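Dear colleague,

Please find the structure below, handed over for your own work. My notes on what was found in it follow directly after.

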Amino acid sequence: MEIRKMVTTVEETYIEGFKQVEKPVRVAVAAAVIQNPYAGKYVEDLQPLIDEYSAKLGKLLPSKALEALGLSGEECEGYGKAALVGLDGEVEHGSAIIHTMLFGNEFRKVCGNAKTLLPSAEKRGGAGASIDLAIKHKMDAKIRSHHMSFEFRIPDAPRADEIVIAAAVTSSGRAHPRIGSLHAELAAQGEQQE
């Protein structure tokens, strides 16, 4: 596995909506910039790309993000993933890496044997393009307090023949969640219908 560079970003929010938060909302993104062997050409079989990167990055990236936050996998509450493909590649190249059980199962193991599908974002862009990583609760996708996104970019990546693969982890949900869970809303609707 060849990685040109890795970038890890940590954000800690102390005040949101003009109000101090009870404890800082901490988000980390770890990303790897890799060579895209299929840039500039159409290739039918993407399995070699999957075999080379999916499981390895599925383990490495959330591990780096958790390390940056000083959290164990059990302490992580939310997560997400993204692929940003350089201009000579296809979005499918990034999707091939992150939309596999190889990537997802490794990611979930690192995050304390998480249960939910990893929310994702994929797109094509030039060096310095941003991507918004969607984040959800790692155990229950109906917990709305953890539905958020995190904007991420690397100034010199992806080059036209590269792919940026990124993983986000969080210490909590949003700063002041007030809209409740989908569980509560469904229960309330059920009571009204009876």
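Helices (H or I, at least four residues) and strands (E, at least two) are DSSP runs, numbered from the N terminus. Under that convention, Lys 5 is found in strand 1. Please note that this is a predicted model, in which local features need pLDDT of at least 70 and side-chain atom pairs count only at pLDDT 80 or more, while totals for chains, interfaces and linings use all residues. Residues are numbered from 1 along each chain as its sequence is written, and side-chain values use heavy atoms, with hydrogens and water left out.

Salt bridges

A salt bridge is taken as a side-chain nitrogen of Lys or Arg within 4 Å of a carboxyl oxygen of Asp or Glu. The structure holds 6 salt bridges. One of them joins Arg 4 to Asp 156, with the closest N and O atoms 3.1 Å apart. Arg 4 lies in strand 1 (residues 3–16) and Asp 156 in the loop between strand 6 (148–153) and strand 7, so this pair ties together parts that are 152 residues apart in sequence. Arg 4 also meets Glu 162 through a salt bridge of 2.5 Å, N to O. Since Glu 162 lies in strand 7, that pair ties strand 1 to a part 158 residues away in sequence.

Asp 156 in turn has a salt bridge with Lys 5 (3.1 Å, N to O). Here too, distant parts of the chain are linked, the two residues being 151 residues apart. Through shared partners, the salt bridges join Arg 4, Lys 5, Asp 156 and Glu 162 into one network.

For accessibility, buried means under 20% relative accessible area, exposed over 50%, and partly exposed in between (1.4 Å probe, protein chains only). Arg 4 is partly exposed at 31%, as is Asp 156 at 29%, and Lys 5 is partly exposed at 28%.

Contact means heavy atoms within 4.5 Å. Not counting residues up to four places away in sequence, Lys 5 touches Ala 31, Ala 32, Val 33, Ile 154 and Asp 156. Lys 5 and Arg 26 are 21 residues apart in sequence, and their C-alpha atoms are 23 Å apart in space.

Lys 81 is found in strand 3 (residues 78–85).

Nonpolar cores

A nonpolar core is a set of buried Ala, Val, Leu, Ile, Met, Phe, Trp, Tyr and Cys residues joined through side-chain atoms within 4.5 Å. The largest has 32 residues, and those with the most contacts inside it are Ile 34, Leu 57, Ile 97, Phe 107, Cys 111, Ile 165 and Val 169. At least two residues of this core come from each of strand 2 (19–35), helix 1 (47–69), strand 3, helix 2 (91–98), helix 3 (101–110) and strand 7 (162–170). Helix 1 supplies the largest share, 8 residues. A second, separate core of 20 residues includes Ala 31, Ala 82, Ala 129 and Ile 131.

Ile 165 is in contact with residues that include Ala 30, Ile 34, Leu 57, Leu 61, Gly 94, Ile 97 and Phe 103, its neighbours within four places in sequence being left aside.

Cysteines

A disulfide is counted as a pair of cysteine sulfur atoms within 2.5 Å. By this rule the count comes to 0 disulfides.

With kind regards
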